[in-house]
Amino acid sequence: MRKLLLFGSLALTLAACAPATTPTNMSQTFKVRVQNVSTPTTLATPGGPNAAVPAPLSPVVWIVHSGSNPIWTLGTKASAGLESVAEDGSPMTLAGELKGKGHSSGVASIPVGASAPGPILPGDAYEFTLSAVPGDRLSFATMFVQSNDLFYDFSGAGLNLFGADGKPVSGDATGGVVLLDSGTEVNEQPGVGPAQKPRQPSDNFGPSENDVVHLVNDGYVYPAASSVIKVTITPTQ
């Protein structure tokens, strides 16, 4: 199998809510784990009845915010930073764009147990911590690597980090994750396209699409988000 390229330097509707005692005027710390739960054969390809490839994920760019999602809006053009994540798995430009647009932001780029930045392969995970107060939401972007310009995030305005009762959320938040098309590069068959990250000769390679951010609807078959990514939120003290 072709060796996947490492990425440059420089990760969620909710299954359960746990009781907590955080006052509404105090910050709560959360640990976020973004895990690749795909298998080496999650993504079927047209190379034969048993042909399949793994579905890596790129470093995660995240932001804690209130109000609308600062990373993307359906029906509008992607920023240069989102394009860089969605096409090439490169987080730095988007990380720079998000500074000052939320309460905090960052990048998770080193897989748990690794010593250098890189994608997460089946079984691998990124972890990061953040602080939030009631009313805050979490949004993120990570590339679905076997594509031209697709990425995962929570739908809409992001994940509410607190329930209506003001208590911090806890547990599996993957139900709110969707696969989005940045609209910046023409899509090819997932897992085999020559202009996709694992096979392209250089970054920013492939014909421009000049479209807007939208839910994936290109006629190709993709695995369910929950077959590729799992996002877990854990309040900490």
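This is a predicted model: local features need pLDDT of at least 70, side-chain atom pairs count only at pLDDT 80 or more; totals for chains, interfaces and linings use all residues.
## Close-up legends

View 1. Residues are numbered from 1 along each chain as its sequence is written, and side-chain values use heavy atoms, with hydrogens and water left out. Helices (H or I, at least four residues) and strands (E, at least two) are DSSP runs, numbered from the N terminus. Strands S7 and S8 run antiparallel and are joined by 2 bridges; two strands are said to pair if DSSP finds at least two bridges between them. To get from S7 to S8, follow the hairpin of 6 residues that joins them.

**View 2. S7 also meets S4 and S9.** With S4, the pairing is antiparallel and has 5 bridges; look for His 65, whose bridge partner in S7 is Arg 137. S7 also pairs with strand S9 (residues 159-160), again in the antiparallel sense, over 2 bridges. Here Leu 138 has Leu 159 of S9 as its bridge partner. S7 is mostly covered, with 6 of its 7 residues buried. Buried means under 20% relative accessible area, exposed means over 50%, and partly exposed lies in between (1.4 Å probe, protein chains only).

**View 3. Four strands make an open sheet in the order S6-S1-S13-S10, with antiparallel pairing.** S6 and S10 each have a single partner strand and stand at the edges, so one side of each has no neighbour in the sheet. Strands S1 (residues 28-36) and S13 (residues 229-236) pair antiparallel over 8 bridges, and Val 34 sits opposite Val 231 of S13. Moving on to S10 (residues 171-172), you will find 2 bridges to S13, also antiparallel. In this part of the sheet, Asp 172 has Thr 232 of S13 as its bridge partner.

**View 4. Leu 130 and Tyr 152 have the most contacts inside the largest nonpolar core, a group of 35 residues.** A nonpolar core is a set of buried Ala, Val, Leu, Ile, Met, Phe, Trp, Tyr and Cys residues joined through side-chain atoms within 4.5 Å. S1, S4, S6 (125-132), S7, S8, S11 and S13 each give two or more residues to this core, and S6 supplies the largest share, 4 residues. Not counting residues up to four places away in sequence, Leu 130 touches several others, including Phe 30, Val 32, Trp 62, Val 64 and Leu 161. Contact means heavy atoms within 4.5 Å. A second, separate core has 16 residues, among them Ile 71, Ala 78, Leu 82 and Val 213.

**View 5. Helix H1 (residues 80-88) is mostly covered, with 7 of its 9 residues buried.** Gly 81, Leu 82, Ser 84, Val 85, Ala 86, Glu 87 and Asp 88 are the buried ones. They pack against S4 (60-65), helix H2, S7 (137-143) and S8 (150-154). After H1 comes Gly 89, which has a positive phi, near 70°.

**View 6. Leu 98 belongs to helix H2 (residues 92-98).** Its relative accessibility is 2%, so Leu 98 counts as buried. Leaving aside neighbours within four places in sequence, Leu 98 is in contact with Val 61, Trp 62, Ile 63, Pro 70, Ile 71 and Ser 105. Leu 98 and Trp 62 are 36 residues apart in sequence, yet their C-alpha atoms are 8.7 Å apart in space.

**View 7. Asn 187 lies in the loop between strands S11 (177-181) and S12 (214-215).** Although in a loop, Asn 187 counts as buried because its relative accessibility is 14%. Its side chain makes a polar contact with the side chain of Asp 181 at 2.9 Å. A polar contact is a pair of N or O atoms within 3.5 Å; within protein, one must be able to donate a hydrogen and the other to accept it, and residues adjacent in sequence count only if both atoms are side-chain atoms. Beyond residues up to four places away in sequence, Asn 187 touches Asp 181 along with others, including Asn 148, Asp 149, Tyr 220 and Tyr 222.

**View 8. Thr 45 is found in the loop between strands S2 (43-44) and S3 (52-53).** Thr 45 is buried, with a relative accessible area of 13%. With neighbours within four places in sequence set aside, its contacts are Ala 51, Ala 52, Val 53, Pro 190, Gly 191 and Val 192.
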